[in-house]
Amino acid sequence: MKFELYTRDGCHLCDDAHQLLRSRGVEPTLTDIDTRPDLLTKYNTCVPVVVVDGKVRFRGRIDPVLLDRLLQEANR
């Protein structure tokens, strides 16, 4: 599975999301939306955004239970 985390500097929710993903053994590709006008327009007030295999799975806070289910399904 390929994880991407759309984030921005100074976003504590983004830091929390990154820490949660790493605690589950996931090292996401980090993308600062402020450097990408297309993403900034789309997700300006919604960061963090977690994209898994090209599909948006979480916006704002990550639900740890849903993340664990997603990871369990991937390991089946």
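## Hairpin of strands 3 and 4

Two residues lie between strand 3 and strand 4 in their hairpin, where Asp53 takes a positive phi near 50 degrees. Helices (H or I, at least four residues) and strands (E, at least two) are DSSP runs, numbered from the N terminus. Two strands count as paired if DSSP finds at least two bridges between them. Strand 3 and strand 4 run antiparallel and are joined by four bridges, with Val50 opposite Phe58 in strand 4.

This is a predicted model, in which local features need pLDDT of at least 70 and side-chain atom pairs count only at pLDDT 80 or more, while totals for chains, interfaces and linings use all residues. Residues are numbered from 1 along each chain as its sequence is written, and side-chain values use heavy atoms, with hydrogens and water left out.

## The sheet

Strands of a sheet pair through backbone hydrogen bonds, either parallel or antiparallel. Here four strands form an open sheet with mixed pairing, in the order 2-1-3-4. Strand 2 and strand 4 (55-59) are at the edges with a single partner strand each, so one side of each has no neighbour in the sheet. From one strand to the next, the twist averages 25 degrees; axes are lines fitted to C-alpha atoms, for helices over the stretch in contact, and angles run from 0 to 180 degrees between N-to-C directions.

Strand 1 (residues 3-7) is largely enclosed by the rest of the structure, because five of its five residues are buried. Buried means under 20% relative accessible area, against over 50% for exposed and partly exposed in between (1.4 Å probe, protein chains only). Phe3, Leu5 and Thr7 point one way from strand 1, and Glu4 and Tyr6 point the other way.

Strand 1 runs antiparallel to strand 3 (residues 49-52), joined by four bridges. In this pair Tyr6 stands opposite Val49, and Glu4 has Val51 as its bridge partner. Strand 3 is also covered on both faces: Val49 and Val51 on one side, and Val50 and Val52 on the other, are all buried.

Strand 1 pairs with strand 2 (residues 29-32) in the parallel sense over four bridges, and Leu5 stands opposite Leu30.

Helix 1 lies across strand 1, strand 2 and strand 3, at about 165 degrees to strand 1. Contact means heavy atoms within 4.5 Å.
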